[in-house]
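Please read it with the model open.

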Amino acid sequence: MYLRLLLPLLLLLWTYSITGQTGLQDVVDKFAGTQVLASAWRAVDVRDAITGERVASYQPELACIPASTQKLLTTAVAMDVLGPDHRFETKLVASGTVEKGVLRGNLYVVGGGDPSLGSDRMDGVPGVEAVLDRWVAAVRQRGITRITGAVVGDGSYLGTDGAGRGWPWADLGNYYGAGAYGLNFNENSYTLSFAQRPQEGSTPPVLGTDPVVPGLTFTNELRSGPRGSGDQAYIFGSPFTYDYFIRGSIPVGTGRFRIRGSVPDPPLWVAQLLTTALRAAGIEVVQPPATHLVVGPLVADTGELLMTHQSPPLAELVDRTNLTSNNLFAEALLREVYRGRGDREQELTEVIVDWLEAKGIATDGLQLQDGSGLSPRNYFPASLMTALLVNRAGEARWRRSIPLAGRTGSMQNVLKGTVAEGRVWGKSGTVDGVRAYAGYVERPDGRRLVYHIAVNNHTLRGAELNPLIYGLMRDLCTAGL
């Protein structure tokens with residue numbers, strides 16, 4: 001009796017729970033129709049990660065600026081073409097004869113494009129001082145006490161076009177605008193320190209750089225902004241020039257404030273730092289520091305190899321690229337893939353286009369100008385990104401490089417404590433007027449999705465836009481399919 005009465009009620013409740021659940025397409029439409037986004041370009045694409053079937057979308061074929069979500073393309077290509085165990089090498093070579101402690105010739109640091117050399121931001125990688133100490137020790141071990149020539153930073157492994165094509169002038173002097181060269185060091189960046197001032201509008205004086213960048217000068221037009229206004233300072237300069245300008249503001253205060261800038265000529269910087277380290281160790285270097293652009297590169301298969309430094313495996317460099325959105329690493333990976341092709345008649349980014357087409361991924365609406373996404377003239381449709389993510393869904397090691405909500409990288413503090421924590425992987429992308437995310441979703445019901453969300457030409461502050469995007473990412477876990 002009671003069972004006969006209870007069954008219809010349970011059926012009614014079950015039917016209500018299914019029909020009352022908000023569908024994923026409804027969630028996407030609600031996001032795209034948000035009033036504050038009315039004047040912006042919006043593109044969303046969501047697919048099943050296994051079958052590739054589209055489960056929800058909004059203008060998935062609209063070409064949008066991807067910003068740093070583009071690093072997913074570059075790193076996927078690098079992992080596939082170069083392999084996860086690929087390593088970069090940097091060599092210390094004595095070019096000339098060594099007699100009675102005298103090197104009659106030059107000491108070369110021959111770069112192999114390693115973006116991690118001297119970086120203290122990766123576990124297990126020796127920092128600037130440690131690398132210099134190892135090079136000095138190698139020279140001493142060979143018994144060299146005098147070098148009649150110069151220390152030469154040889155970056156001929158790659159060309160002089162380290163910065164990506166179309167990078168904005170306002171970015172080039174800052175750490176995230178550091179280009180990738182044949183010889184890189186300390187992620188081609190330095191820390192610039194200021195003494196804060198207590199009065200708004202006053203100029204905080206420059207205290208210096210760490211490490212020292214010989215010859216670099218600053219015209220300081222910086223101002224002290226309101227307390228709590230944060231880092232609004234920009235360094236203006238370009239590769240191979242040493243007269244930089246500082247504009248913008250840092251907050252008032254009484255302490256030391258630090259920002260990071262890009263080194264104008266990394267191969268020369270390596271030669272300068274090593275020359276100083278050798279002289280401090282009592283090893284005479286007669287000639288001033290130089291680069292391959294002045295004295296020529298090391299002639300192939302000549303000289304005496306004193307030491308070889310290897311980078312971490314490529315998989316770990318990819319982690320650094322995606323988890324922290326490092327532009328230099330992305331550009332170095334792209335150049336390594338391109339260099340391996342040996343076809344210098346093509347544009348740099350054509351290696352990505354060719355790879356996508358070989359994988360059967362449509363490239364309609366695609367334009368790439370760099371490997372990192374910093375150029376504002378990169379664009380492609382959301383459907384291209386989701387097709388890539390479906391294609392790479394089985395690449396577990398590459399997927400580990402994508403930040404995980406509430407756990408790793410740039411997503412460590414995003415969606416923490418929600419159903420999305422530990423379930424949504426998302427590579428972010430941000431440049432002026434652009435906010436994007438792309439990645440994977442493992443839903444509680446066991447379904448795996450891929451997604452790409454792009455908002456272009458918006459005028460919102462992050463505090464206004466981010467909750468909308470994060471809300472959609474959370475709903476990808478729970479909305480009905």
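1. Basis. This is a predicted model, in which local features need pLDDT of at least 70, side-chain atom pairs count only at pLDDT 80 or more, and totals for chains, interfaces and linings use all residues. Residues are numbered from 1 along each chain as its sequence is written, and side-chain values use heavy atoms, with hydrogens and water left out.

2. Helix H3. Helices (H or I, at least four residues) and strands (E, at least two) are DSSP runs, numbered from the N terminus. H3 covers residues 71-82, and its twelve residues should span 16 Å at 1.5 Å a residue; the end C-alpha atoms are 16 Å apart, which agrees. The expected span is 1.5 Å times one less than the number of residues. Nine of the twelve residues are buried, so H3 is largely enclosed by the rest of the structure. Buried means under 20% relative accessible area, exposed over 50%, and partly exposed in between (1.4 Å probe, protein chains only). The buried residues of H3 are Lys71, Leu72, Leu73, Thr74, Thr75, Ala76, Val77, Ala78 and Met79.

3. Helix H6. This helix (residues 266-280) has 15 residues and reaches 21 Å from its first C-alpha to its last, close to the 21 Å expected at 1.5 Å a residue. Twelve of the 15 residues are buried, so H6 is largely enclosed by the rest of the structure. Among the buried residues are Pro266, Pro267, Trp269 and Gln272. Glycine 282 follows H6, and its phi is positive, near 85 degrees.

4. H3 against H8. Two packed helices are described by the angle between their axes and the distance between the axes. Axes here are lines fitted to C-alpha atoms, for helices over the stretch in contact, and angles run from 0 to 180 degrees between N-to-C directions. The axes of H3 and H8 come within 10 Å and cross at roughly 180 degrees. The two helices are therefore roughly antiparallel to each other. H3 contributes Lys71, Leu72, Thr75, Ala78, Met79 and Leu82 to the contact, and H8 contributes Leu314, Ala315, Val318, Thr321 and Asn322. By class, the contact of H3 with H8 has seven nonpolar, three polar and one charged residues. Angles under 35 degrees count as roughly parallel, over 145 as roughly antiparallel, 65 to 115 as roughly perpendicular and the rest as oblique. Contact means heavy atoms within 4.5 Å. Ala, Val, Leu, Ile, Met, Phe, Trp, Tyr, Cys and Pro count as nonpolar, Asp, Glu, Lys and Arg as charged, and the others, Gly among them, as polar.

5. H8 against H9. The axes of H8 (residues 314-323) and H9 (residues 327-341) come within 8 Å and cross at roughly 140 degrees. H8 and H9 are therefore oblique to each other. Leu314, Leu317, Val318, Arg320 and Thr321 in H8 meet Phe329, Ala330 and Leu333 in H9. The residues of this contact of H8 with H9 divide into six nonpolar, one polar and one charged.

6. Isoleucine 283. This residue lies in the loop between H6 and strand E15 (284-285). Isoleucine 283 counts as buried at 3% relative accessibility. Leaving aside neighbours within four places in sequence, isoleucine 283 is in contact with Val136, Val139, Arg140, Ile144, Thr145, Arg146 and Leu278.

7. Leucine 37. The loop between helix H2 (24-32) and strand E1 (41-48) holds leucine 37, which is buried with a relative accessible area of 0%. Its C-alpha atom is separated by 8.2 Å from that of valine 455, 418 residues apart along the chain. Not counting residues up to four places away in sequence, leucine 37 touches Phe31, Arg42, Val455, Leu460, Leu465 and Leu468.

8. Backbone details to check. A cis peptide bond, with omega about -5 degrees, joins aspartate 210 and proline 211. Glutamine 59 is not a glycine, yet has a positive phi of about 50 degrees; glutamine 59 counts as partly exposed at 37% relative accessibility. Glutamate 187, also not a glycine, has a positive phi of about 55 degrees, and is buried with a relative accessible area of 3%.
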